[in-house]
Each structure stands twice: as structure tokens, then as C-alpha cells.
Amino acid sequence: MGVVNVTPDSFSDGGVHFDPGKAVSAARRMLDEGAAIVDVGGESTRPGAEPVSVDEELRRVGPVLEGLQGEVPVSIDTSKAEVARRALELGAELVNDVTALRGDPELAGVVADQGAYLCLMHMLGEPRTMQRDPRYDDVVAEVARFLEERLAAAVAAGIPEEHVCLDPGIGFGKTVEHNFELIRRLDELTALGRPIVVGFSRKSSLGKLLGDPDATTGTTAASVGAAVAAYERGASILRVHDVREHVEALTAAAAALG
Ligand code: HH2
């Protein structure tokens with residue numbers, strides 16, 4: 001899954017794809033480089049980010065989805081029902097909701113009615129404050145319990161279980177150690193029976209691991225290392241910014257692991 005953030009302020013690629021034409025080209029390039037789907041988002045969820053209005057989010061992602069004309073498989077990274085509805089009308093097939101259906105009470109109905117796929121992600125707290133001293137007794141057990149409960153809520157709202165994938169939410173209310181423990185024990189999440197999405201790409205934990213306590217991003221090489229490890233532990237979808245490098249590394253890893 002390639003990432004195209006149509007935002008001025010994303011931690012990872014802020015501003016690079018804010019121009020719709022550039023975002024459309026980036027999405028097409030990612031598809032050429034081997035992405036199976038491109039995740040288009042109009043709201044940054046980086047630590048400390050302020051929310052964006054529905055109108056502003058639609059202004060950002062609408063022209064990009066129109067420009068892609070349904071030719072590129074698209075995931076819409078939104079928590080807002082109105083944005084998801086418009087994106088699905090414009091050809092998106094998956095709704096990637098970082099609030100796991102806790103943000104907008106109308107979103108589950110939109111996904112169910114349109115027969116869309118859905119990604120439910122774990123987050124402790126909210127983006128503005130989530131990185132202030134996150135604590136768990138057992139991060140993996142708590143994330144697993146949360147995802148199981150949100151999967152049940154999605155199914156109760158009429159979304160078929162087969163349409164749902166689950167994501168531990170790397171960096172969303174988690175320390176460096178929490179993030180790596182989630183990968184190390186990913187089998188406890190694959191045991192939930194749904195495809196697991198992992199988005200470690202460029203996250204600050206990678207920069208911190210490599211020795212910079214104030215890092216806000218991580219390098220491509222570190223991202224690839226984390227993605228290959230997640231793949232080996234059973235992740236099905238890797239959400240990444242540098243598609244070519246990840247596709248090459250994952251192709252080699254798949255050949256080696258069999
Ligand atoms: N990470 C980000 C945004 N959306 N969705 C899922 N399912 N999993 C993730 O790990 C995830 C996500 C944050 O990364 P990015 O989009 O690069 O930055 P920003 O939120 O600042 O736009």
C-alpha cells in the first residue's frame with residue numbers, strides 16, 4: 001500500500017503531494033513500482049496534528065480521486081463519513097479509518113452500504129496528545145482485544161468480516177519499545193483471523209532506534225527492515241512511502257522465505 005498524503009503538514013511527506021497533479025502522478029508512479037493499492041489522505045494524524053474540517057479534507061482529496069479516474073486502486077485514509085462517501089463514489093474501494101469507527105457514527109453505515117473494504121486501526125488517545133507518555137500493561141494483548149472488539153462492532157454494523165483488515169497502529173500512542181513488541185508478537189494479531197496491515201514506514205521510532213532521541217521520522221532503509229520483519233511475522237499489507245524499495249525487498253524476502 002503506497003501512501004499519498006494530500007496535506008501540507010504530514011510528518012513523513014508533508015507538502016510533497018499537496019498539489020493534486022503531483023499527488024495523481026505519485027499515485028500512478030507507485031502503481032507502476034508495484035503497489036497494489038494507494039492510500040490517499042487529506043488529514044495528517046501525526047503526533048500533535050490539529051483536526052481538519054470535512055470541507056477542507058474534501059477539497060484536498062476530491063481532485064486527486066477525480067484525477068485518478070478509478071484507474072488506480074485507492075484506499076481513502078479518513079475518519080469522516082462524508083469524505084468516505086465521496087471517495088467511494090469516485091472509485092475508492094477501501095476506507096482506512098485510524099479511529100476504527102469511533103470517530104464518526106455515520107462511517108460504518110457508509111462502508112456497509114457501499115460494500116467497501118475497511119481497515120480498523122488501533123490508537124491510544126487522539127493525535128493531538130497520543131504520544132504523551134503512553135502506557136499499557138501488555139501492549140500486544142490490549143491492542144488485540146481492542147481490534148477484536150472493533151471488528152465485532154463493524155460486523156454488527158453490517159460490514160462483512162471478510163471485508164475488514166486490522167492494523168496495530170504503529171506510532172499511535174506507543175513508545176519505540178511498544179512498536180517493536182507489536183511486530184515481534186504479530187502472531188497474536190494474525191490469530192484474530194483477518195489480514196494485518198502494518199505502517200512502520202518513516203515513523204519516528206525508527207529514527208529513535210538509530211540513536212536520535214528527537215527524531216520525527218525514520219530512514220527508508222530502516223523502514224524496509226521493519227517492513228520485512230513484519231512480513232516475516234505474518235503482515236499481509238505494508239503501508240509505505242517508498243514503494244519501489246519495499247517491493248524489491250519484499251520480493252526477495254518472499255523468495256527466500258518461501
Ligand atoms: N499511519 C499514518 C496514517 N494513516 N493508517 C494506517 N492504517 N496505519 C498507519 O500506520 C497509518 C495510517 C501516519 O503516517 P503518514 O500518513 O505518513 O503521516 P500523517 O498522518 O502525518 O499524514
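Mentor: A salt bridge is a side-chain nitrogen of Lys or Arg within 4 Å of a carboxyl oxygen of Asp or Glu. This is a predicted model, where local features need pLDDT of at least 70 and side-chain atom pairs count only at pLDDT 80 or more, while totals for chains, interfaces and linings use all residues. Residues are numbered from 1 along each chain as its sequence is written, and side-chain values use heavy atoms, with hydrogens and water left out.

Trainee: How many salt bridges does a search of the whole structure find?

Mentor: The search finds 22.

Trainee: What does Asp 39 meet in a salt bridge?

Mentor: The side chain of Arg 239, at 2.9 Å from N to O. Asp 39 is in strand β2 (residues 38-41) and Arg 239 in the loop between β8 (237-238) and α10 (243-257), so the pair ties together parts 200 residues apart in sequence. Helices (H or I, at least four residues) and strands (E, at least two) are DSSP runs, numbered from the N terminus.

Trainee: Is Asp 39 buried or exposed?

Mentor: Buried, at 1% relative accessibility. Buried means under 20% relative accessible area, exposed over 50%, and partly exposed in between (1.4 Å probe, protein chains only). Arg 239 is buried too, at 14%.

Trainee: Different spot. Which residue forms a salt bridge with Lys 80?

Mentor: Glu 57, with the closest N and O atoms 2.4 Å apart. Lys 80 and Glu 57 are both buried.

Trainee: And what links Asp 138, Glu 181, Arg 185 and Glu 188?

Mentor: A network of salt bridges.
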